[in-house]
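The exercises below concern helix packing, a ligand shell and the division of a chain into domains. Try each task on the model before reading its solution.

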Amino acid sequence: MAAILDNKHIDAIMTSLMDGIITFDRNGVIIMANKAAENLFLVRKGGLQGRTLEEIGDEVSSMIGEVLLRGNEVFAEMLIQPRTQIYRVHVMPIKSDNRDIEGAVAVFRDVTDARNFDQMRSEFVGNVSHELRTPLTSIKGFVETLLDGAMENSAICRRFLSIIDTETERLSRLIEDLLTLSSIESKERIINPRPVCLIRSIRSVMNIMGPQISEKSLHVEFICEPDLALIYADEDLLNQVLINLLDNAIKYTPREGKVIIRSLRSDSRVITTVTDTGMGIPHDSLPRVFERFYRVDKARSRHQGGTGLGLAIVKHIVESHGGEVFVESEHGKGSTFGVSFLVV
Ligand SMILES: Nc1ncnc2c1ncn2[C@@H]1O[C@H](COP(=O)(O)OP(=O)(O)OP(=O)(O)O)[C@@H](O)[C@H]1O
Ligand SMILES: [Mg+2]
């Protein structure tokens, strides 16, 4: 025997829906509103019943008015006061068997996340295009000047080719960074955490960065307890984190400055900080430095070959390992970047 839905079942269904649903009679008086709709309009249980459509806001009421008058379906996206979410509102007529308009039903769906995502995606595409266009425009300009005759002069030719070389390098680094970021984000790059000796990784990264450190005559020191616990990490990704932090400390610290790396155990984590005596970061930029493409001083960072993706990569890697990132800085005096990893 087929089960029949009674009012109790219908009530349960309406209450469990995430979308707000309100039904109106032909005069625009509310017959029924589910819990999501009551939450949306900030009223207590049963508080919408019997109210008229004028009481629930101009924009929605004119949509419902139109449906009750013409009998057509209407859609719109809107902010409903005092909320900050964006709702997609769909209003349909309720018709009798002989097609008379008997009322209307309005469905309110929260589309805030989808819209924010769309905006983030278009901002991201805009940023990437801009970052790709800048070196490409410069390469094109130099190639054209060379073809126009500058290549006859071997000194100029060499100078232009070396600029083209640098810009090409930038382009390929940008693409590599974007691929790293997207492979971690899409979980395509499988993280392979194993017990790792952080002390060994830090020493090896300090070695890799040796030439840049000596070129700027920086004093780089590593301080940690000798029996530091092993951490769980994917070693290649951990090295990327350390290289990015040390690279920044070196890049943004003037000659003969100091960089101190510290690792210490704190409960079930090992916290590693990189402190420099560099230019520091203005207070209002601090919350933004881990965003993709964010650079405090765009011109200076670009001049140093930066794409603004280093810290975004650091944050992604660390968080995908269950750790955290943080930054403290005093503008003009120096910065401290920190990352935490779980101990074995
Ligand atoms: N140690 C630091 N001292 C001062 N500013 C810093 C430091 N580290 C990062 N920043 C600021 O944060 C911005 C973002 O850093 P991030 O590493 O993401 O990008 P980048 O260094 O510009 O480029 P990339 O790392 O991709 O080569 C930098 O442009 C810089 O303005
Ligand atoms: Mg960087």
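**Exercise 1.** Determine how the axes of α8 and α10 are placed relative to each other, and which residues meet.

*Solution.* The axes of α8 and α10 come within 9 Å and cross at roughly 145°, where axes are lines fitted to C-alpha atoms, for helices over the stretch in contact, and angles run from 0 to 180 degrees between N-to-C directions. Helices here are DSSP runs (H or I, at least four residues), numbered from the N terminus. The crossing of α8 with α10 is left-handed, a term for a near helix turned anticlockwise from the far one by less than a right angle, clockwise being right-handed. Leu237, Gln240, Val241, Asn244, Leu245, Asp247 and Asn248 of α8 meet Gly310, Leu311, Ile313, Val314, Ile317 and Val318 of α10, contact requiring C-beta atoms, placed from the backbone, within 7 Å. The contact of α8 with α10 comprises eight nonpolar, four polar and one charged residues; Ala, Val, Leu, Ile, Met, Phe, Trp, Tyr, Cys and Pro count as nonpolar, Asp, Glu, Lys and Arg as charged, and the others, Gly among them, as polar.

The model is predicted, so local features need pLDDT of at least 70 and side-chain atom pairs count only at pLDDT 80 or more, whereas totals for chains, interfaces and linings use all residues. Residues are numbered from 1 along each chain as its sequence is written, while chains are lettered from A and ligands numbered from 1 in the order in which they are written.

**Exercise 2.** Describe the shell around ligand 1 and the helices that supply it.

*Solution.* Ligand 1 is surrounded by 24 residues, the closest being Asn248, Arg295, Val296, Gly306 and Gly310; a residue is near if its C-beta atom, placed from the backbone, lies within 6 Å. Next, α8 (235-251) and α10 (310-320) each supply at least two residues of this shell. Sorted by class, the shell holds ten nonpolar, ten polar and four charged residues.

**Exercise 3.** Which handedness does the crossing of α6 and α8 have?

*Solution.* The axes of helix α6 (residues 198-208) and α8 come within 10 Å and cross at roughly 50°. That angle makes α6 oblique to α8, because angles under 35 degrees count as roughly parallel, over 145 as roughly antiparallel, 65 to 115 as roughly perpendicular and the rest as oblique. The crossing of α6 and α8 is right-handed. Ser201, Ile202, Val205 and Ile208 in α6 meet residues of α8 including Leu238, Leu242 and Leu246.

**Exercise 4.** State the domain bounds of the protein chain.

*Solution.* An automatic or database domain assignment gives domain 1 (7-110), domain 2 (112-189) and domain 3 (192-344). Between the C-alpha centres of domain 1 and domain 3 lie 53 Å.

Terms used:
Contact = placed C-beta atoms within 7 Å.
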